[in-house]
Amino acid sequence: MVSKDLPDDGHAVVAKGKSPSGKKAAPRDDEIHGPSPNAATNLAIADIALRGGAALVRHTIERAVLGKKYGPRKAAKVIKGRSLKETLLHGALARVALRSVPGAIVVGGVLVAKTLYDRSKAREARRKSEATVNEMAEKGES
């Protein structure tokens, strides 16, 4: 004889999302959470949202850093005027730095060395930097 509170499979009937002990039950493998019942679609939506959000944050930070010296309009033009080569190089360096501790140490070390070198050659670097930034801003206007 089967008890009234047991279904045909022999398991106790409890509130949805709760285990018989009253604790929250782990989600079942057949339950998919998200806007779509297709897990691949949910993954694509999450990936696009994260990448889009990261891009917005990156552009905001870049403008803020450049905007302190050049003003918001010129900063936007400088960012827009970057070459594809520069953009790909910066993205590759960021990936190397984020994927491993040794990569982060190497990339960080190179950036520290470059900064120290630039500071030692401050006047010359300042002139070159201004020329490069002006060139990038001109490219960004078109």
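1. Glu 62 counts as buried because its relative accessibility is 18%, where buried means under 20% relative accessible area, exposed means over 50% and partly exposed lies in between (1.4 Å probe, protein chains only). Glu 62 lies in helix α1. Leaving aside neighbours within four places in sequence, Glu 62 is in contact with Ile 79 and Arg 82; contact means heavy atoms within 4.5 Å.

2. A word on the basis of these values. This is a predicted model, in which local features need pLDDT of at least 70 and side-chain atom pairs count only at pLDDT 80 or more, while totals for chains, interfaces and linings use all residues. Residues are numbered from 1 along each chain as its sequence is written, and side-chain values use heavy atoms, with hydrogens and water left out.

3. The chain has five helices and zero strands, and from the N terminus on its elements run α-α-α-α-α. Helices (H or I, at least four residues) and strands (E, at least two) are DSSP runs, numbered from the N terminus. Of the 142 residues of the chain, 11% count as buried. Among contacts with a separation of 6 or more, 36% are between residues 24 or more positions apart.

4. The chain exposes about 11,900 Å², and carbon and sulfur atoms supply 63% of this area. Accessible areas come from the Shrake-Rupley method with a 1.4 Å probe; for residues, only the protein chains shown count as cover.

5. Next, the largest pocket. Rolling a probe the size of a water molecule over the atoms shows where empty space is left. About 1,600 Å³ of space lies in the largest pocket. Of the 35 residues that line this pocket, the closest to its centre are Glu 62, Leu 66, Arg 82, His 90 and Leu 111. On a 1 Å grid over the protein atoms alone, a pocket is an open set of points where a 1.4 Å probe fits, with protein on both sides within 12 Å along at least five of seven lines; lining residues have an atom within 4 Å of a point. Grid points are joined across faces, edges and corners, and the volume is the space filled by probe spheres set on the points.

6. Which helix gives the most to the lining of the largest pocket? Helix α3 does, with nine residues. Helices α1 (39-70), α2 (72-80), α3 (84-99), α4 (101-120) and α5 (122-141) each supply at least two residues of the lining. By class, the lining has 17 nonpolar, five polar and 13 charged residues. Ala, Val, Leu, Ile, Met, Phe, Trp, Tyr, Cys and Pro count as nonpolar, Asp, Glu, Lys and Arg as charged, and the others, Gly among them, as polar.

7. Leu 66 is found in helix α1. Leu 66 counts as partly exposed because its relative accessible area is 22%. Not counting residues up to four places away in sequence, Leu 66 touches Gly 71, Ala 75, Val 78 and Ile 79.

8. The largest nonpolar core is made up of five residues: Tyr 70, Val 78, Val 133, Met 136 and Ala 137. Helix α5 gives the most to this core, with three residues. Such a core is a set of buried Ala, Val, Leu, Ile, Met, Phe, Trp, Tyr and Cys residues joined through side-chain atoms within 4.5 Å. Not counting residues up to four places away in sequence, Tyr 70 touches Ser 129, Glu 130 and Val 133.
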